[in-house]
Amino acid sequence: MFRGQFHHSIDQKGRTSLPSRFREVLDAEGDLRLILTPAPFDPCLHLYPLKAWEDFERKVAELPSLDPDIARFRRLYISPALDVEVDKAGRIRIGSDFREKANITGEVFWAGMGRIVELWSKDLWDRNTAMNDEQFVNFQSKVQELIRI
């Protein structure tokens, strides 16, 4: 499972270091191959270990192929997915089209989300996670109801 939050930078060639804690998870699974795809609902990128992505693809393949929302989801999330490998320096390369979609330049923010990893522009992460007091109370209530805590 991917846990933790990490700040890194991204260079002009689109290379950024995969946090060592995340590399350890991949090493334990015996595969440093990742699948990278733009998140369909947030301005970030999702990274899956190859096996987890293949499991996810199987679930999506079982959904009704003629449903227009499912077809759109496949076009937005499954279709653009790319294999990326961790290089000897522990970095991955993010293509310019993906960097544009997630507005990633300079400082990036890695967020372990359990089975997947999210990669954000640090500025967008800060803006998307900020809440005022009222928003926090509503968020807290909703999460408590969903998780039943």
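Which exposed residues does the face of α1 turned away from its buried side carry? In this predicted model, local features need pLDDT of at least 70 and side-chain atom pairs count only at pLDDT 80 or more, while totals for chains, interfaces and linings use all residues. Residues are numbered from 1 along each chain as its sequence is written, and side-chain values use heavy atoms, without hydrogens and water.

Helix α1 spans residues 20–29, and its buried residues are F22, V25 and L26 (buried: under 20% relative accessible area; exposed: over 50%; partly exposed: in between; 1.4 Å probe, protein chains only). These residues lie on the same side of α1 because they cover an arc of only 95 degrees around the axis, taken from the directions from the helix axis to the C-beta atoms. An α-helix has 3.6 residues a turn, so residues three or four places apart point the same way. E24, D27 and A28 are the exposed residues on the face turned away from the buried side. The cover over the buried residues of α1 includes β1 (5–9), β3 (33–38), β4 (45–49), β7 (107–112) and β8 (117–121), with contact meaning heavy atoms within 4.5 Å. Helices (H or I, at least four residues) and strands (E, at least two) are DSSP runs, numbered from the N terminus.

Backbone angles were also examined. Just after α1, G30 takes a positive phi of about 80 degrees. N103, a residue other than glycine, also has a positive phi, near 55 degrees. Most residues other than glycine have a negative phi. N103 lies in the loop between α4 (96–101) and β7 and counts as partly exposed, at 44% relative accessibility.
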